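Please read the following account with the coordinates open.

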Amino acid sequence: SYAHDGRLVGVARPDLVGPIDKEQLGLLPVSVDCFAGFIFLNPDPDAIPLADFIGRDVAKGLAPYRLEEMVPVGMDVKEALNCNWKVIMDAFSEGYHIIGVHPELLSITGVEAGATRHGFYGDHRMVVRPFEIKNLNQCSLEQQVEGIRSLTSTFPSVREVLPLFEEMIAGYRNSEGELDLSEDISVRKILQTATRQSLTAQGMDVSGLTDDQMSDNQAWYFFPNFFGTIRAGEMTVILPMPHPSGDPGRCLWHVTAYKWLPVEVREKHRAKLLVVETPGSYPYFLALQQDYDQMQRQQEGLSNLALKSARLVREEVNVAQFHHVLDRYMAGNKD
């Protein structure tokens with residue numbers, strides 16, 4: 001038996017074990033530390049401190065979101081998938097696949113080259129794509145409003161902002177019911193203002209977040225297997241990990257939707273962990289379900305013995321960076 005700190009405190013049949021040094025026979029130590037409300041484990045006995053690994057710039061960039069105050073709401077699911085864990089990291093590292101996998105998103109997000117902004121922080125990465133209607137200059141104001149309304153199927157928290165958004169939109173309609181916006185006001189700006197006011201009314205301090213952060217999604221990647229897509233007041237985290245069986249064609253993923261809520265109601269709305277026993281039985285929201293299906297098909301393609309290499313397009317620079325860091329670690333060079 002062992003103490004909570006891993007020390008060996010007792011053995012069965014001490015008379016058979018004989019004299020031993022219990023101080024030398026404790027459990028293997030694992031580095032443990034916290035960041036943004038998450039507990040990080042590192043089995044490397046020589047691991048650098050988590051704060052140094054994450055980096056000051058990352059910590060500073062995420063601090064205004066108040067992630068440590070969020071709780072699991074609506075979805076906290078763990079399931080086995082028939083794909084390698086790195087396939088999941090690749091799938092959420094770029095937007096190139098949207099045109100083929102998520103056709104519903106094409107009306108509300110642009111896939112034009114150069115629209116995505118990338119940030120690289122040591123071994124970690126960040127991607128942000130402006131959250132606005134596709135082909136903005138070719139859309140009428142009413143089409144832009146309708147695009148915002150349709151976001152609820154992919155970004156559920158937008159649903160809570162819609163009543164105030166609709167109220168603010170109504171304030172810009174003329175006597176004929178047509179939208180009349182000045183040059184310094186846009187539909188995107190109205191959504192940002194509605195989001196800021198809604199979160200502030202709930203009690204969340206959003207003073208450190210910009211207007212863009214009220215609407216845009218920031219995708220953060222902590223090497224090796226932490227992916228989180230973050231908007232003001234919400235975050236979805238996907239943690240893929242090798243399957244306990246050791247099968248490289250399988251993995252586990254843990255998907256959790258987090259939300260900022262007032263302290264007094266957090267426990268009431270906290271989601272309980274659900275472990276899916278029957279593959280494919282859990283109904284993920286549309287975009288996530290599409291990724292779920294696509295990644296397992298992709299594994300079949302990667303298993304083709306005739307496949308010797310793959311070519312990445314420019315949009316997949318984030319995928320390239322991940323594998324560059326991975327290759328470096330596999331070669332034994334963490335620096």
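This is a predicted model: local features need pLDDT of at least 70, side-chain atom pairs count only at pLDDT 80 or more; totals for chains, interfaces and linings use all residues.

Residues are numbered from 1 along each chain as its sequence is written, and side-chain values use heavy atoms, with hydrogens and water left out.

Helices (H or I, at least four residues) and strands (E, at least two) are DSSP runs, numbered from the N terminus. Eight strands make up an open sheet of mixed pairing, in the order S4-S5-S6-S7-S8-S9-S3-S10. Strand S4 (117-121) and strand S10 (274-275) are at the edges with a single partner strand each, so one side of each has no neighbour in the sheet. Two strands count as paired if DSSP finds at least two bridges between them. Strands of a sheet pair through backbone hydrogen bonds, either parallel or antiparallel.

Both senses of pairing occur at S3. With S9, S3 pairs in the antiparallel sense over nine bridges; Met 70 stands opposite Trp 260, and Ala 80 stands opposite Leu 252. With S10, S3 pairs in the parallel sense over two bridges, and here Val 77 stands opposite Leu 274.

Helix H10 lies across S3, S8 and S9 and runs at about 25° to S3. Helix H11 (residues 317-330) lies across S4, strand S5 (124-129) and strand S6 (217-222), at about 15° to S4. For these angles, axes are lines fitted to C-alpha atoms, for helices over the stretch in contact, and angles run from 0 to 180 degrees between N-to-C directions. Contact means heavy atoms within 4.5 Å.

H10 has 17 residues and reaches 24 Å from its first C-alpha to its last, close to the 24 Å expected at 1.5 Å a residue; the expected span is 1.5 Å times one less than the number of residues. Its buried residues (under 20% relative accessible area, with exposed over 50% and partly exposed in between, for a 1.4 Å probe and protein chains only) include Leu 288, Tyr 292 and Met 295. Among the elements that cover the buried residues of H10 are strand S3 (70-81), helix H4 (85-91) and strand S9 (251-260).

Which side chain of opposite charge is nearest to Asp 291? Asp 291, in helix H10 (residues 286-302), is buried yet has no salt bridge, and the nearest such side chain is Arg 297, 8.6 Å away. A salt bridge is a side-chain nitrogen of Lys or Arg within 4 Å of a carboxyl oxygen of Asp or Glu. Lys and Arg count as positive and Asp and Glu as negative, with His and the chain ends not counted. Leaving aside neighbours within four places in sequence, Asp 291 is in contact with Phe 92, His 97, Val 101 and His 102.

Leu 302 also belongs to helix H10. Leu 302 is partly exposed, with a relative accessible area of 43%, and touches Val 87 and Leu 307, not counting residues up to four places away in sequence.

The backbone details come last. Most residues other than glycine have a negative phi, and most peptide bonds are trans. Arg 13, in the segment before helix H1 (14-17), has a positive phi of about 50°. A cis peptide bond, with omega about 5°, joins Phe 223 and Pro 224.
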